[in-house]
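This briefing sets out how one protein chain is put together. Please look at the sequence and the structure below before reading on.

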Amino acid sequence: MQHNKINPNVLFVDDDISRYLSFTQNNHNSLCAQDLHFTKCPFDAIDMLRNAKLDIIFLDYDLPTNTDNSITSLAIAQYIADNPQYFTDQIVVIHSANPIGVARLMDVLKYVTLQLYVIPNAWYKPNLIDFIFNQPWHS
């Protein structure tokens, strides 16, 4: 898959919309509104993975709801791991600050051929998209 460095198609999965808003504000030069997708729900995220050509997938680990604090991004990671033919060179950024959750996500994704970053609290980092695309393997 050829990444669109001008307007990458981005999925941001997090339970806190303020993190998403901070992320979009800190990366506004690299992002186009129609190419941004936000969800708190891992099942919605899996639907987006099935139906959209995504360049970058940002995953928080803990995705609690009002009724169930056990919902996480593990289902998303497992979907990616179970369908590696569709995820050959996407970029996945685990932005969780939960070290146990990060380890669990990495364990599920370790055999998938994609570029995996662990950047806790990535939503507040300015120009993160530009940083990712300026790594040597994106030349």
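Leaving aside neighbours within four places in sequence, Asp-60 is in contact (heavy atoms within 4.5 Å) with Val-13, Asp-14, Asp-15, Arg-19, Ser-73, His-95 and Ser-96. Asp-60 is found in the loop between β3 and α3, where helices (H or I, at least four residues) and strands (E, at least two) are DSSP runs numbered from the N terminus. The model is predicted: local features need pLDDT of at least 70 and side-chain atom pairs count only at pLDDT 80 or more, whereas totals for chains, interfaces and linings use all residues. Residues are numbered from 1 along each chain as its sequence is written, and side-chain values use heavy atoms, with hydrogens and water left out.

- From C-alpha to C-alpha, Asp-60 and Asp-14 are 5.2 Å apart in space, although 46 residues apart in sequence.
- Leu-54 has its place in the loop between α2 and β3, and it counts as buried because its relative accessibility is 3%.
- Leu-54 and Pro-8 are likewise 46 residues apart in sequence, with a C-alpha to C-alpha distance of 7.6 Å.

**The chain as a whole**

- The secondary structure comes to five helices and five strands, and along the sequence these follow the pattern β-α-β-α-β-α-β-α-β-α.
- The chain has 139 residues, of which 46% count as buried.
- Among contacts between residues at least 6 apart in sequence, 73% join residues at least 24 apart.

- Five strands form an open sheet with parallel pairing, in the order β2-β1-β3-β4-β5; two strands pair if DSSP finds at least two bridges between them.
- β2 and β5 (115–118) stand at the edges with a single partner strand each, so one side of each is left without a neighbour in the sheet.
- From one strand to the next, the twist averages 15°; axes are lines fitted to C-alpha atoms, for helices over the stretch in contact, and angles run from 0 to 180 degrees between N-to-C directions.
- β1 and β3 run parallel and are joined by four bridges; Leu-11 stands opposite Ile-57 in β3, and Val-13 has Leu-59 as its bridge partner.
- β3 also pairs with β4 in the parallel sense over four bridges, and the bridge partner of Leu-59 in β4 is Ile-94.
- Ile-56 and Phe-58 point one way from β3 while Ile-57 and Leu-59 point the other way, and all are buried.

**Helices against the sheet**

- Helix α1 (residues 17–26) lies across β1, β2 and β3, and runs at about 165° to β2.
- Tyr-20, Phe-23 and Thr-24 are buried in α1.
- Seen down the axis of α1, its buried residues fall within an arc of 95°, so they line one face of the helix; the arc is that of the directions from the helix axis to the C-beta atoms.
- The buried residues of helix α2 (residues 42–51) are Pro-42, Ala-45, Ile-46 and Leu-49.
- These residues lie on the same side of α2 because they cover an arc of only 100° around the axis.
- They pack against β1 (10–13), β2 (36–39), β3 (56–59) and α3 (74–82), whereas the face turned away from them carries the exposed residues Phe-43, Arg-50 and Asn-51.

**Nonpolar cores**

- The largest nonpolar core has 23 residues, of which Leu-49, Ile-57, Ile-76 and Ile-80 touch the most other members; such a core is a set of buried Ala, Val, Leu, Ile, Met, Phe, Trp, Tyr and Cys residues joined through side-chain atoms within 4.5 Å.
- Two or more residues of this core come from each of β1, α2, β3, α3, β4 (91–94) and α4 (99–109), and α3 gives the most, with four residues.
- Apart from this core lies another, of 18 residues, among them Leu-36, Val-93, Trp-123 and Ile-132.

Conventions:
Buried < 20%, exposed > 50% of the residue type's maximum accessible area, 1.4 Å probe, protein only.
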